[in-house]
Amino acid sequence: MMPQILEPPSRGSAPPIVFIGRSRRGNWVAREQSGSFGGLFVSRAQALKFALVENGRHPESIIEVTHEIELEIRTRG
């Protein structure tokens, strides 16, 4: 029986940083740091769930801001 060689897991790119907070109108916003994705939500829980799904389940890369945050999505082009 040949021994198996185990390789350490590869370290891919860092998960995207997602900011969550409230907009001027009181909606919850989740927005990726560079604006590549985001959304408007009724509750904080919904914004957190979206952020976790979109950043590959990395809660350490979600930052809740205390100042107003607006949804600004940048498009390619």
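This is a predicted model: local features need pLDDT of at least 70, side-chain atom pairs count only at pLDDT 80 or more; totals for chains, interfaces and linings use all residues.
Local features were taken only at pLDDT of at least 70 and side-chain atom pairs only at pLDDT 80 or more, while totals for chains, interfaces and linings use all residues. Numbering starts from 1 along each chain as its sequence is written, and side-chain values rest on heavy atoms, with hydrogens and water left out.

The protein has one helix and four strands (DSSP runs numbered from the N terminus: H or I of at least four residues for helices, E of at least two for strands). Along the sequence they run β-β-β-α-β. Of the 77 residues, 27% are buried (under 20% relative accessible area; exposed is over 50%, partly exposed in between, with a 1.4 Å probe and protein chains only). Among contacts (heavy atoms within 4.5 Å) with a separation of 6 or more, 49% link residues 24 or more positions apart.

Two salt bridges turn up (a side-chain nitrogen of Lys or Arg within 4 Å of a carboxyl oxygen of Asp or Glu). One pairs E70 with R24 at 3.5 Å, N to O. E70 sits in the segment after β4 (62–64) and R24 in the loop between β1 (18–22) and β2 (28–32), so this pair ties together parts 46 residues apart in sequence. E70 is partly exposed at 23% relative accessibility, whereas R24 is exposed at 61%.

The other bridge joins R44 and E64 at 2.9 Å, N to O. Here R44 belongs to helix α1 (residues 44–54) and E64 to strand β4, so parts 20 residues apart in sequence are tied together. R44 is partly exposed at 39% relative accessible area, and E64 is partly exposed at 40%.
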